Protein chains: 2
Amino acid sequence: MKETRYKKLQKILKEQIQQGKFNIGEYLPSENELCSSHKITRTTARKALDELMKEGFIVRQQGKGSMVRERRESLGLLNVKGFSEAVGHDVKTIFLQKPAIRTWNLDLTYRPTSEEIETNCIHFERLRCVNNVPITLENNWLSAKYIPDFVGQDFIDGSFFKTLSQRYLIEITGSEQELRALPADEYISNLLQIKAGFPLLQITIKFMTSNPSLNIYSQLYCNTTKYPIGNSYFLK
Amino acid sequence: MKETRYKKLQKILKEQIQQGKFNIGEYLPSENELCSSHKITRTTARKALDELMKEGFIVRQQGKGSMVRERRESLGLLNVKGFSEAVGHDVKTIFLQKPAIRTWNLDLTYRPTSEEIETNCIHFERLRCVNNVPITLENNWLSAKYIPDFVGQDFIDGSFFKTLSQRYLIEITGSEQELRALPADEYISNLLQIKAGFPLLQITIKFMTSNPSLNIYSQLYCNTTKYPIGNSYFLK
DNA sequence: TAGTGGTCTAGACCACGGT
DNA sequence: CCGTGGTCTAGACCACTAG
């Protein structure tokens, strides 16, 4: 992905927020200050701030400035972020099935395109644990066509999305989700160490990527008792 | 709310999409065409298209154009849209408790600010039905301070958000949500005509508005068996 | 009144898609 | 090759906030 100027600034500011150089409630430098310190125009600086606002890092107010927001300590923005971005918890991942070529044997709301279904399918299954308690069961399917040599290799930093980005230059560009509350079946209740029939949040996701022919299909089952799924949304 | 140029264009295009002047899969006029036909610059035209993309109406692709997207026929984008925007269903709303001044007696994740808690609280409870089947129980709390004469009046077109917008010029600017799967308790299971213990999707929402001192606190219990909650998200 | 973010103009160059 | 959207510049005026 092209490293544009606004993305560079966005990344710098995000890291500074994450590293605590700007604490919650504090204000980022003003747009004009960012312009002169980074030798860019306001349009570019605003674009970076717009993106940070979309991601929920800041709120902006006319006449005041760009204030760092409290990002709720749920399991983070599940939308397009990876699980590993969840903060403040000891998060562990266990592969129940490592990535391998399998059939498009999925029972999902979002069906693969006919183009995809003619290709090989990569599938993997992971169990996500928080503080050593299994919280989420995750299944993923995607076409093998555009990601050669994907199976057998480890993920970069354990992150699927980072691997796609750094190794294949594929970025997530959007998602569609459907949410259901369902009783746990036998298989899942064993894995999540709960009683069968216990209510779980099922999240069915289709991730779109920068490659229009490549989508990622995921299905999650979440035990939301201790860690509800968080989500934030800002219009302007 | 100020009617800026990009908002005018955004509104025009959105209505044209909703009215079917541009069908799914078709392309909107190019940015340059919109510029000349509306006598604006590309910056302004792009801002309108950016907003439409954020709302999920279009996808844009370099070299091709802005294509009208299929908006899933679940129960719509529950994020910031009202329930009444759900399409393709016979939706009915029953007030269990009409808007009235009550106490801030809520058991929510998102707590009112200390500023809000010193004001009077308006509360109302609604049951939303699809095809005459009760699907969602909804509770809402908000400060009475900035919306004089709210109680006792009917909603415009039955829409709470439309009433806020048209009668008080208050717009929704963002939201935070938390999602949980929970077993139905006695009260809710009666209302939704399901067995006690049946899994429900609980959505706890804090809506932020254009008035920084006014937030809306909502809690929903959804029977997702027939109508899952939909949600889409696009980055650029 | 000074400084902030919100909107807007009139250009420019680039990367991508299809011809 | 041309038209598309993506990025960027260098300005301008406005509305809002706070001292």
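The surface near DNA strand D receives at least two residues from each of α1 (5-18) and α3 (42-54) of chain A and α3 (42-54), β1 (58-61) and β2 (65-68) of chain B; helices (H or I, at least four residues) and strands (E, at least two) are DSSP runs, numbered from the N terminus. The model is predicted: local features need pLDDT of at least 70 and side-chain atom pairs pLDDT 80 or more, whereas totals for chains, interfaces and linings use all residues. Residues are numbered from 1 along each chain as its sequence is written, chains are lettered from A and ligands numbered from 1 in the order in which they are written, and side-chain values use heavy atoms, leaving out hydrogens and water.

The largest contribution to this surface, four residues, is that of α3(A). A residue counts as near the strand if one of its heavy atoms lies within 4 Å of it. Of the 26 residues around DNA strand D, those that come nearest are Arg5(A), Thr44(A), Glu31(B), Arg42(B) and Arg46(B).

In chain A, a polar side-chain atom of Gln62(A) lies 3.2 Å from a sugar or linking oxygen of DNA strand D.

Chain A as a whole has six helices and nine strands.

Definitions and conventions
A polar contact is a pair of N or O atoms within 3.5 Å; within protein, one must be able to donate a hydrogen and the other to accept it, and residues adjacent in sequence count only if both atoms are side-chain atoms.
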